[in-house]
Amino acid sequence: MAINFSAAFAKNIQAGEMRVALRETVQALAGACKHISQICAHGPLEHGLGAKTGGANTDGDAQKALDVRSDEIITAALETAPVAYYASEEQDDIVTLDASKPLAVASDPLDGSSNIDTNVSIGTVFSIFAAKDDARRSFLRRGSEQICGGFFVYGPQTSLVITTGAGTQTYVLDPGRGVFELAIADMKIAPASTEYAINASNHHHWETPIRAFIEDCLLGASGPLGEKYNMRWVGSLVADAGRILSRGGIFMYPGDNRAGYRDGRLRLLYEAAPVAFVVEQAGGAATDGKGRILDIPLASLHQRIPLVFGSKTPVQMVGDYYKKQDML
Ligand code: AFP
């Protein structure tokens, strides 16, 4: 047993096959991610974790050894679980594990791989749906159809942030016992915050609303927002999301005018949608700047989407900057 579920876990999922299947699948994921966290904990003692394999994922990002290894570990774990289909950032196409099984799982097996060799928090992001009668239809749908979503963080603690649609919980891996235990039963994101996360090096490529919002943040108390703003950027979505769930804030990876970045950098299926699910269930908001992430139907497996999430007030403020531009 890799995770000691709270009594409330998945209670909102209809009792019977689906709830049992979900618990078995999250157990399998927890076991796989415990293994990945042990590999990460060895760092440079495990030679070449951050080494490029020479391969690239669908977006042309160089695959690191730990990206591929994490994908193999997760695939092997899901083969033991009631999962029909698996979609991964590290694989071009959907893998059919056993079409007779009830679930479909999508994953970013190793998020933040550019931080692998720097001892900065990295993680695994996942999304779970009830499988449909074919592989593509099991994933080409809205994020609001997820039955479970979340992410593991391999940092000072190894943690799991997860939701099944009845609030958001955090589990932490008890290093002594090797089991994930419930740490926070009902996470709540602060509604207001003056802390933002964005890769400011892309400033001159940003769309006008984002540039205007950040410039107003930088003006601080003497500017139109009337408050001093602080900035954080880890470069690992899971680390930035974990901080925002704990103390509030807003994360932005907008579209910009660099080649290939019109829709930002993050993938809708296995990054934006599961993060949006846990954020909303913790009382926050998640948009593409304009509309709700969970309402956006997936058109292609590795589709990118601009992502803005966190405390409700600043997310709504960014939405207002887009509305202002639309009125021009
Ligand atoms: P990698 O997995 O390639 O390191 O990308 C990490 C990520 O997908 C996400 O975790 C970060 O928020 C974002 O990209 C960082 O992007 P920049 O490197 O452009 O800041």
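How many aromatic pairs does the structure hold? I opened the predicted model with that in mind. I found nine aromatic pairs.

**Entry: one aromatic pair**

I picked out W233 and Y253. I describe a pair of aromatic rings by the distance of the centres and the angle of the planes. For W233 and Y253 the ring centres are 6.0 Å apart. Their planes meet at 55 degrees, so I logged the pair as tilted. The cut-offs back this up, because planes must be over 60 degrees apart for edge-to-face and under 30 for stacked.

Next I looked up where the two residues lie. W233 is in the loop between β12 (230-231) and α4 (237-247). Y253 belongs to strand β13 (residues 250-253). The pair therefore ties together parts that are 20 residues apart in sequence.

**Entry: the ligand shell**

I turned to the ligand. I noted 14 residues surrounding the ligand. The closest are D111, N199, L237, Y253 and R265. I then sorted the shell by class: five residues are nonpolar, six are polar and three are charged.

An N or O atom in the Y253 side chain is 2.7 Å from an oxygen atom of the ligand. I also checked the backbone. G112 places a backbone N or O atom 3.0 Å from a ligand oxygen. For S113, too, I read 3.0 Å between a backbone N or O atom and an oxygen atom of the ligand.

Last, I looked up the cover. On its own the ligand has 470 Å² of accessible area, and the protein covers 86% of that.

Methods:
Residues are numbered from 1 along each chain as its sequence is written. This is a predicted model: local features need pLDDT of at least 70, side-chain atom pairs count only at pLDDT 80 or more; totals for chains, interfaces and linings use all residues. Side-chain values use heavy atoms; hydrogens and water are left out. A residue is near a molecule or strand if one of its heavy atoms lies within 4 Å of it. A polar contact is a pair of N or O atoms within 3.5 Å; within protein, one must be able to donate a hydrogen and the other to accept it, and residues adjacent in sequence count only if both atoms are side-chain atoms. Accessible areas come from the Shrake-Rupley method with a 1.4 Å probe; for residues, only the protein chains shown count as cover. Ala, Val, Leu, Ile, Met, Phe, Trp, Tyr, Cys and Pro count as nonpolar, Asp, Glu, Lys and Arg as charged, and the others, Gly among them, as polar. Rings of Phe, Tyr and Trp (its six-membered ring) pair if their centres lie within 6.5 Å; planes under 30 degrees apart count as stacked, over 60 as edge-to-face and the rest as tilted. Helices (H or I, at least four residues) and strands (E, at least two) are DSSP runs, numbered from the N terminus.
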